[in-house]
Amino acid sequence: MHAHATPPDRPPGAPATASADWWRSAVIYQVYIRSFRDSDGDGIGDLEGLRAELGHLADLGVDAVWINPFYTSPMVDAGYDVADYRDIDPSYGTLAGFKELLTDAHALGLRVLVDIVPNHTSSQHAWFTEALQSPPGSPARARYHFHPGAEDDGALPPNNWKSVFGGPAWTRVPAPDGGPHEWYLHLFTPQQPDLNWENPEVHAEFEDILRFWLDLGVDGFRIDVANAMIKAPGYPDMVEGPDPDDGSSPCWDRDDVHRIHRAWRRVLDTYPDRRIGVAEAWVPTVERLARYLRPDELHQAFNFDYLKADWSAADLRRIIDDCLTGLAAVDTLPTWVLSNHDVVRHRSRFGDDDTGLRRARAAALLMLALPGSAYVYQGDELGLPEVTDLPDAARQDPIWLHSAGAVQGRDGCRVPLPWQGDAPPFGFSPPDATSPWLPQPAAWAGLAAASQDTDPGSTLNLYRAALRLRRTYRGAIEGRLTWRSDTDDAASGLLFFTRSDGLACAVNMGSAPHHVATPGRLLLTSDAVTDDADLTVLPPDTAVWWHVDTTGGEQGIG
């Protein structure tokens, strides 16, 4: 395998990316805190475990860390049911410990983003507890979506909306004074009641929550279901079929949601060092996604079309072109992502065993070569596969529970990381600790971080090399890309482009080798290739980076 010489490291304590618009080209590492590292032996990852492994992230070469929710929570949905937005759940640590983590991360040049969950609270939140104890029409109930039921006796839900996790999106509760029963809205579990964002008190509360964490020094927020906070007046029925692409859904991607994001942007802009907002917005078109990224709204939005794409050069060529063009209309760049805590790991999506790993390695080089920012989900850098054989008794995802086991859910991508050793828990927990909250496969010994650390051909060292190289090229900010391959090449499995900064990338997604005219100096490959000064042969499922002299003539496909 070919690797480029390591460029100089950034100075200790310096920002990971010095540009004022640092987010435009940043690589951000997602930490699913429950599964990252357990410091106290209770089988659950925690903030101190993350703090102990910040060196791993700095050595990897990422610019920032996004941490999934760590707030006080009954953990019905792994912390996305928040009971107190201004404190740390005891299973994860303390607020004082978070401040120490933030200080250490910044000293290493790592920015820190935290998850904010504005669509719903926990049913154990003080506001919802008060609402259940208050009568219909009260100010306490006006913070949420309480509504009379359908039919004369109110025994049916107010409309046909469905929960993302299955079943009706409404739960009926009695009035505390013996009055009429009402229903409350929950787009997710019944333990996650939706907030009413038409209520000014909700706006004020969340702006205060943002300032609480910004005052501590966090560098931004990933906004959970950023497209769902506004519901249509009168709660009309959902029309069956695909989500509309014009903002007419009664509860998803409504145009008024942008009022919230513009207000939050004004809050972010009052702080120094360019604090950012990141939208998790599952929307039907790039044009709808671009609305979240207008100059007075958020800074990043995940490109889920890219995440959902099959291992197909033709499909990816179309998605890349559409996204670059669509987001250029609002003068911004895409945010690429391959995996996260809600989807099957891309190694397993792309194929079985060795094929999936080869494709995952090639996919990493493609993603990191594209103009824009990128997210790396914990374990991507180790080449972890989805765990598909978890015992039924171990599964905890509400999708599994609410479907009575008909849908496996997301536990398979959330299994705790392997750090070292030849048997579970692979250093995730201290010796003699409680078993990890999800069991790890014994076969992960060869994927542990320590076993990959000194192997120059490991997936971990491929990521390290790619991220070091990425820092030396500025085209990720410039956003200019020139295809050297055409659509016919994509149909046969080849993607090949050059960036304006001289970085060239080719990926063979086909079933046969591709011969390309060598465009410049070889920098890095995802697996072995045959190359000389004139011709490079890419085996199937392989990616290559070169440095190209952009002042010279073009060379094409061989």
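A: Helices (H or I, at least four residues) and strands (E, at least two) are DSSP runs, numbered from the N terminus. Helix axes are lines fitted to C-alpha atoms over the stretch in contact, and angles run from 0 to 180 degrees between N-to-C directions. This is a predicted model, in which local features need pLDDT of at least 70, side-chain atom pairs count only at pLDDT 80 or more, and totals for chains, interfaces and linings use all residues. Residues are numbered from 1 along each chain as its sequence is written, and side-chain values use heavy atoms, with hydrogens and water left out.

Let us settle on the place where two helices meet. Helix H3 covers residues 95-107 and helix H5 covers residues 200-216. Their axes are 10 Å apart, and the two helices pack at an angle of about 55°. H3 and H5 are therefore oblique to each other (under 35 degrees is roughly parallel, over 145 roughly antiparallel, 65 to 115 roughly perpendicular, and the rest oblique). On the H3 side, the contact (heavy atoms within 4.5 Å) is made by Leu95, Phe98, Lys99 and Leu102. H5 answers with Phe212, Trp213 and Leu216.

Now zoom in on the H5 side. Phe212 is partly exposed, with a relative accessible area of 24%, whereas Trp213 is buried, at 0% (buried is under 20%, exposed over 50%, partly exposed in between, using a 1.4 Å probe and protein chains only).

Across the whole structure, a search finds 30 aromatic pairs (rings of Phe, Tyr and Trp, the last by its six-membered ring, with centres within 6.5 Å; planes under 30 degrees apart are stacked, over 60 edge-to-face, the rest tilted). One of them joins Phe70 to Tyr71, a tilted pair with 5.0 Å from centre to centre and 55° between the planes. Both partners, Phe70 and Tyr71, are buried. Phe212 and Trp213 make another pair, this one edge-to-face, with 85° between the planes and 5.1 Å from centre to centre. These two pairs belong to one aromatic cluster, made up of Phe70, Tyr71, Tyr85, Phe98, Trp197, Phe206, Phe212, Trp213 and Trp264.

Gly217 counts as buried, at 15% relative accessibility. Setting aside neighbours within four places in sequence, Gly217 is in contact with Leu102, His106 and Arg275.

Arg317 sits in helix H9 (residues 313-328) and counts as buried, at 12% relative accessibility. Beyond its neighbours within four places in sequence, Arg317 is in contact with Trp483, Ser485, Asp486, Thr487, Ala490 and Leu495. Val376, in strand S13 (residues 373-377), is buried as well, with a relative accessible area of 1%. Not counting residues up to four places away in sequence, Val376 touches Val27, Ile28, Tyr29, Gln30, Met367, Glu381 and Tyr463. From Val376 to Tyr463 there are 87 residues in sequence and 9.8 Å in space, C-alpha to C-alpha.

Last, look at the backbone. Pro424 is joined to Pro425 by a cis peptide bond, with omega near 10°. Pro425 lies in the loop between helix H12 (398-402) and helix H13 (449-453). That loop also holds Asp432, which has a positive phi of about 65° although it is not a glycine. Asp432 is exposed, with a relative accessible area of 83%. Asp353 likewise has a positive phi, near 50°, in a residue other than glycine. Asp353 lies in helix H11 (residues 353-369) and is exposed, at 59% relative accessible area.
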